[in-house]
Amino acid sequence: MMTVASNGKRKRVALVIGAGSVKCAAALGLWKALGRNGIELDMVVGCSGGSMYAAMMALGHDVETCERLTRQLWTREITAKRDFRSILGGFFPRIFGFDGNFATIHDARLNAALRGPFGTRRFEEAKIPLHIVATDFNNGQKVVISEGSIFDAVRGSVAIPYVWKPWRVGDRLLLDGCMSDPLPVDVAIREGAEIILAMGFDSPYPRRVKSASRYAFHVSSIYTNNLLRANYSFHNLAHHAEIIPILPEFSEQIGLFDTHKIPYVIEQGERATEVQIPYIHRMLDAVNV
Amino acid sequence: MPMEVTAELLGHTTVVRVVGSVDGLTADTLTGALQSHVDEGRIRLVCDLSGVEYTSSAGLRALLGTLKAARQQGGDFRLAAVQPGVHRILELSGFTSILKLYGDVDTAVASFAE
């Protein structure tokens, strides 16, 4: 049963799923827990890996379908083909040319995988209002996408620097959303959410830095994790919306493509959410909070 | 879980013990309780968080407001016995770099003598 505040007006609840690759699957556990307890979402915001889950949830897929789609699209296979043209252009620009962006992995397989669930789908079809965050490569600013092609938005939002090339949408070149706002609670605040469920994750550091690409990924993680803290702190203190952090605990390391651990990740997300359910209900029932 | 706030004076330091959740429903009560100590000149404050398992954004604002008020008057606001769940939230929001945290109340109280 839907919870309604005693003033008759239901508070607007947002779910914000931050960057975190496979760990973002914890949002499915959160969603299960909310559904079981009759708590509806008024908007979903996603960034980077979180954008895939936000989009699938907003499009109305059930948890089992979301899990299946993730296992199909987010596999090591999508990183199997090196982008030698880009790599050579990056290191020998005078010989091979450099077109202004760089990637070590060819994106054909990633694009094909993302076209599966999102190919022709548009924001306007979403059953829950959806917002996806990416970063404008040219000026570094956050870009919030709320209309148009979901595929384009997700592809831009997951464009991990040095791994995949940025993605052009109109006159913008979009890079991974985690480069500007790894846990975009501010988007939910701007859209009028009163209760914000914030599921954020530290970007993992490689177990061993044994290649240039891992070195680049490690450095990106350092940037991103510090940005996550700075942004999260600012938004907690600068706004009066109630931000409820839901932080699943993982006793084992979850790698970038550990999709076999998704059931465990979902379970931890569900567990972390269940702890907060009584409080979320009290917040929904409270007046003038 | 409802919140309870109690206080006791240990030497020149006021120890405020909080039990329950510090969130949007309880933060105003905590802010009021902590601010009353600052207003009365009790600006060496230790907040015993051993009984707090959760804090939301409203709780963080309450803690920061007290920290600013105490430091503006030449005192300090320090945390003791922060539980793992709360510590993760403090860490995520950068509070562990601006607030002093201690493992237990005695150590926190003793830190004011250093």
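Author: Start with angles: under 35 degrees counts as roughly parallel, over 145 as roughly antiparallel, 65 to 115 as roughly perpendicular, and the rest as oblique. Axes are lines fitted to C-alpha atoms, for helices over the stretch in contact, and angles run from 0 to 180 degrees between N-to-C directions. Helices (H or I, at least four residues) and strands (E, at least two) are DSSP runs, numbered from the N terminus. This is a predicted model, where local features need pLDDT of at least 70, side-chain atom pairs count only at pLDDT 80 or more, and totals for chains, interfaces and linings use all residues. Residues are numbered from 1 along each chain as written, chains are lettered from A in the order written, and side-chain values use heavy atoms, without hydrogens and water.

Reader: Which residues of helix 1 of chain A and helix 10 of chain A make the contact?

Author: Contact means heavy atoms within 4.5 Å. Among them are L30(A) and A33(A) of helix 1 of chain A, and G269(A) and T273(A) of helix 10 of chain A. By class, this contact has nine nonpolar, three polar and four charged residues. Ala, Val, Leu, Ile, Met, Phe, Trp, Tyr, Cys and Pro count as nonpolar, Asp, Glu, Lys and Arg as charged, and the others, Gly among them, as polar.

Reader: What makes helix 2 of chain A oblique to helix 3 of chain A?

Author: The axes of helix 2 (residues 49-58) and helix 3 (residues 63-73) of chain A come within 10 Å and cross at roughly 140°. That makes helix 2 of chain A oblique to helix 3 of chain A.

Reader: Why is the pair R229(A) and E91(B) called a salt bridge?

Author: The term needs a side-chain nitrogen of Lys or Arg within 4 Å of a carboxyl oxygen of Asp or Glu. R229(A) and E91(B) meet at 2.8 Å, N to O, so the pair qualifies. The count between chain B and chain A is one salt bridge.

Reader: What does the salt bridge of D136(A) and R172(A) tie together?

Author: These side chains meet at 3.3 Å, N to O. D136(A) lies in strand 3 and R172(A) in strand 6 of chain A, so the pair ties together parts 36 residues apart in sequence.
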